Amino acid sequence: MSRPLRISPIRRKVTRRFYEPLLLLHALSPIRGERIKSEIIPDDPESNHIQLRRSFTNTIAYICAYKKGPDHVTAAALEKTPQGVVVWLCANADVEDGVITFLERILACVHRVVEKDSMEDLHQEASLATQRLTSMIVDFQAPRLNVYRAEIIESCIVPCQKLMTDYLKNNGSADRDKNTLEVNNLQQWLREYFCDDNGESTVPSLLDLSKACYDIRHTQYLKTVSMFAGQGRTRHETFERLYKLLGKLGKPLKSSKILTEAATKLAQDFSQGFTVKTVPSSVSQHLPFRGKKEATLDRIVNRMFSDSSKKTEFMDRLRSLMSGEGEEIDSFLQRERDAKTRVHAELLLIDYFERNSCNFLAQGEKYIGCSKPACYLCHMYITLHPSRYTIPPSHNKVYIGWRPPDVYVGESGAFRLLQAQERILLRMIGLVRDELSSEIKSRNMRLPYHTDSTTGITTTLESMRLGETETPPVYAGGPEQSALSLLEPNEDVGLRTSEDEDDEGGVPI
Ligand SMILES: [Zn+2]
């Protein structure tokens, strides 16, 4: 796609109305509730195929995100064309050539399995492919896997081993207690794969380490880690982190198994082979504020409330929660308004599929896979999108440096695209303002990352989607004339149970 020179701003008034309450919400509490899990699919043969296509797409995205960090967050989608499946890739920064070459090799390996006719050949090739794929994925993902290994060695091993040693001292001999035997075994296993008793790192190959981490996933080793990670236990957070990191280290083998399973069960989908294509990333942009006087606490609250008693009530609550009469928040807002925005990878893919009317591989299933659960705003945007994409899981964190897909000056259909986008943004403004009011009323300030407590947006969004009307409310102009119920507290908020979910991708181990 050639990129025209100038991005057409969504009507400035609308974007400002969007970012102002968002800045304040972010200042108060950047985590908007529990992680939201993937949609549950019913358990029947056709659903299994849907699930497998989703897992395949997520796995493609995950293995391509070979490094940690926001630039490498990668989204993938499968397009059905007469020439075969086009695997579309997009990342927050441009997809590197090395990623495309890697994925082409992976998909060639998958296609060799698809091409086998006899059952015997198929299973033999699948087994070989799993080994080859694991090795390729471990090699390619070495930067990411080495970070996980280093974190275990540097942050987890010493405190975890010490705590387990203390446990053994206090809980008798291995003869009398099955648990002590299990703890002993785990200590030994950790020494073998990470660090010996002198703190020296042992160096199994990444491939051996990754296989070992995969192999322990349903064993007593991991159950023992999980026991120490239990609520209220000393250093339970370190054990919880250890548990997650071991799972992440084992993902290459899990990923290769998903790829070969898809090759054996979705042979019809994949019979004509694959082509890899990419969508370019967005150009970073400043937030839509001009003078220093925009996006101050006073201005934000003024714009939110036409009713002065409600404004006073809101400010009183805010002051009661903050020190320095809001100065703290104001200086935070000033810093945050310098943030630069970009369009996240999953939204770039949605935008590409929308503009080009691409057909997804599975009819009726508009699925975008991602190496990471969606952020709070992408999840909201996708949920409210009129084309009804499959709603992704979300880690529910607010990123100020977010913006909706761009529309370019002079491109065909620009007016229609802008109008559609404005509709979504207006509904998002309503939800963000609702959240802000709930936040102030709840007095739960600044939730730590990955906390269990929440005031969730989930139920609100789900109920909007279920009872969705064909004519979303449209902003009619004027400072306070939105048809949205801007400041009614969100009463229909449910708590989500905490899940031990990998936030790096959609493929649980
Ligand atoms: Zn996002």
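**Reading helices, core and loops**

Me: In what kind of crossing does α16 pass α17?
Reply: The crossing is right-handed. Helices (H or I, at least four residues) and strands (E, at least two) are DSSP runs, numbered from the N terminus. This is a predicted model: local features need pLDDT of at least 70, side-chain atom pairs count only at pLDDT 80 or more, and totals for chains, interfaces and linings use all residues. Residues are numbered from 1 along each chain as its sequence is written.

Me: Which residues of α16 and α17 make the contact?
Reply: Contact means C-beta atoms, placed from the backbone, within 7 Å. Met-380, Tyr-381 and Leu-384 of α16 meet Ile-424, Arg-427, Met-428 and Leu-431 of α17.

Me: How do α5 and α6 pack?
Reply: Helix α5 (residues 142–170) and helix α6 (residues 178–193) pack at about 155°, with axes 10 Å apart. So α5 and α6 are roughly antiparallel. Their crossing is left-handed. Among the contact residues are Ile-157 and Met-164 of α5, and Val-183 and Leu-190 of α6.

Me: Which residues touch the most other members of the largest nonpolar core?
Reply: Such a core joins buried Ala, Val, Leu, Ile, Met, Phe, Trp, Tyr and Cys residues through C-beta atoms within 7 Å. The largest one has 114 residues, and Val-87, Cys-90, Leu-103 and Leu-349 touch the most other members. Helix α3 (residues 97–114) gives the most, with 9 residues. Domain 1 (1–36 + 289–338 + 373–447) and domain 2 (55–287) both contribute, so the core lies between them. Domain bounds come from an automatic or database assignment. Beyond four places in sequence, the contacts of Cys-90 include Ala-75, Thr-278 and Leu-349.

Me: Is Ser-357 buried or exposed?
Reply: Count other C-beta atoms within 10 Å: 20 or more is buried, 12 or fewer exposed, in between partly exposed. Ser-357 has 6 C-beta neighbours, so Ser-357 counts as exposed. Ser-357 sits in the loop between α15 (345–356) and β7 (369–370). Its phi is near 45°, a positive value in a residue other than glycine.

Note on methods. Contact = placed C-beta atoms within 7 Å. Axes fitted to C-alpha atoms, helices over the stretch in contact; angles between N-to-C directions. Parallel < 35°, antiparallel > 145°, perpendicular 65-115°, else oblique. Left-handed = near helix turned anticlockwise from the far one by under 90°.
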